[in-house]
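Hello,

Here is the structure I promised to hand over. Please open it first, then read on.

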Amino acid sequence: VTATLIPDNEPQRLDAVRRYDVLDTPPDGAFERVTAMAARLFDVPISIVSIVDSDRIWFKSHHGLDVDEIGREPGLCASAILQDGPWLVTDAACDPRTLANPLVAGEFGLRFYAGVPLTTHDGYNLGTLCVIDREPRQVSDEEVATLRDLASVVMDELELRLSARHTVTLQEQLRQQAEDVARALQESLLPAELPKVPGLDLQARYHVADRDRVGGDFYDVFPCDAGVAVVVGDACGKGAKAAALTGTARWCLRTVALGAWTPAQALHRLNEVIVRGHDSPERYATLALASVRPLAGGGADLTLALAGHPHPLVLRRDGTIDAIGVTAPVAGWLPDVTYTDVTVQLGRGDILVMFTDGTLDVISGRGSMDDTHLRSLLTAVPGRTATQVAETLDERLSRSRLSDDAAFLVIQPT
Amino acid sequence: VTSARNFDVQCRCSDGTLHVHVTGELDLAAEPTLVEALSDSLTKHQVSRAVIDVTAVTFIDSSGLRALLNCRDIAYRAQAAPALMLGPNERVHRLLEIAGVAEWFEYA
């Protein structure tokens with residue numbers, strides 16, 4: 001390209017062209033309408049929205065001309081972007097600036113050209129809006145003003161597209177960040193891995209309903225004097241507040257279980273901790289907490305207490321199912337609540353399933369709180385091992401659209 | 001979040017009793033609407049009794065339960081004896097039972 005056709009700020013100008021990301025995009029209505037309107041107003045056969053690239057002039061819209069782009073060298077638009085005002089050639093065959101141009105001297109026979117640069121808000125000329133005729137013509141000041149106005153419509157459209165694209169990118173970034181925070185928070189609320197307890201097969205799962213938003217469900221498994229403590233819970237609500245309560249519950253129970261404890265005593269402590277820690281009376285959690293002691297001869301002793309939580313189910317080796325636990329209030333709403341321990345023998349091969357209401361929602365219908373369907377599902381699990389129960393529930397939860405998070409824990413003495 | 005358009009609350013006063021009629025899905029989206037409706041009515045009207053009628057509630061979750069517990073506390077503080085009207089609503093009844101809070105309510 002001849003040096004005289006290159007603006008002084010060419011590298012920055014080309015950056016601006018790249019920034020608007022318009023080159024080689026498909027035709028679209030807004031620009032088509034502007035060129036059609038320009039051709040009609042000027043009563044000329046051809047109107048073009050051009051973008052001047054490093055070695056070519058690419059046409060975003062080309063009314064009356066069946067060409068997508070031309071070389072930068074013969075193109076008059078390359079000259080038109082060298083100045084800030086309109087570039088007018090009323091009779092190209094007589095004009096010293098253009099008479100030798102192949103588009104003028106050659107077959108195309110261009111005689112009239114009026115172009116206005118498309119100038120960005122920071123002063124770069126991306127290309128032009130121009131009108132072209134094969135006959136010489138005069139233009140009035142009024143017509144030039146109209147062409148300028150149409151050129152600013154084109155520029156507004158380009159700016160609009162750019163900011164829309166920025167907004168979409170920004171939203172995508174924000175969504176990604178929210179998702180990352182939610183995931184990090186969720187992971188901090190679940191044990192990294194389950195402890196290995198001799199004599200017990202332990203499985204725990206967490207299914208997330210909304211990846212952007214941390215839910216209130218949680219589970220925990222940790223060693224204690226009796227053997228192992230297991231808890232499944234659901235903090236009321238969602239988001240950061242629910243996560244904070246989940247953290248409180250998890251660490252409070254772990255602390256209590258360092259000494260001599262029973263599940264009912266631990267829930268009592270937790271209830272007092274939440275009630276006394278209230279800055280607003282808006283939070284509570286439901287929990288099922290158990291200590292499990294594997295027995296030397298096989299099987300295990302289980303002690304369980306509930307705080308407003310759905311009753312865990314024990315799937316016996318013979319296929320019968322027991323709901324266990326004594327109903328007691330949710331933790332964190334009122335002080336001085338009494339929780340009750342129940343002790344249950346788990347035989348070798350019996351399976352304990354603890355779950356949140358999100359699990360019931362999927363299996364029995366949203367909000368039903370009815371465990372009939374879960375019982376049927378458990379009875380039908382082939383082989384009756386902890387792994388198979390977990391896989392069956394997983395499969396059921398994975399193929400449903402969850403309205404709430406769902407967590408469950410499966411324990412089987414081996 | 002479930003849309004609040006499946007939820008409605010109407011408050012009405014008669015003979016010193018505030019009747020709060022709750023219809024539809026009582027969840028996280030509905031919770032603030034119910035609590036505000038009750039609070040507003042209790043500010044405007046002097047009543048000795050507040051009856052929360054959940055007979056027509058079609059869905060309730062833990063946030064809905066929190067709303068009912070909050071209503072109970074708010075009415076109590078405003079010296080309006082709180083009561084729940086359950087009707088034959090098995091769904092709400094079951095949640096109250098499982099949550100262990102059924103005994104915290106008086107029933108109308």
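This is a predicted model: local features need pLDDT of at least 70, side-chain atom pairs count only at pLDDT 80 or more; totals for chains, interfaces and linings use all residues.

**Whole chain**

Chain A has 414 residues, and 52% of them are buried. Its secondary structure comes to 10 helices and 16 strands. Now the contacts in chain A with a separation of 6 or more: 67% of them join residues 24 or more positions apart.

**One sheet**

Look next at an open sheet of 5 strands in chain A. The strand order is 7-16-15-12-13, and the pairing is antiparallel. Which strands form the edges? They are strand 7 (200–207) and strand 13 (321–323) of chain A, each of which pairs on one side only. On average, neighbouring strands of this sheet are turned by 15° against each other, direction ignored.

**Inside the sheet**

Strand 12 of chain A covers residues 313–315, and strand 15 of chain A covers residues 351–355. These two pair in the antiparallel sense over 3 bridges. For a landmark, find A:Val314: opposite it stands A:Leu352, in strand 15 of chain A.

**The helix on the sheet**

What packs on this sheet? Helix 9 of chain A does, with residues 372–379. Helix 9 touches strand 12, strand 13 and strand 15 of chain A. One of these, strand 13, is also an edge strand. The direction of helix 9 makes about 25° with that of strand 12 of chain A.

Best regards

Conventions: Residues are numbered from 1 along each chain as its sequence is written. Chains are lettered from A and ligands numbered from 1 in the order in which they are written. Side-chain values use heavy atoms; hydrogens and water are left out. Two strands pair if DSSP finds at least two bridges between them. Helices (H or I, at least four residues) and strands (E, at least two) are DSSP runs, numbered from the N terminus. Axes are lines fitted to C-alpha atoms, for helices over the stretch in contact, and angles run from 0 to 180 degrees between N-to-C directions. Contact means heavy atoms within 4.5 Å. Buried means under 20% relative accessible area, exposed over 50%, partly exposed in between (1.4 Å probe, protein chains only).
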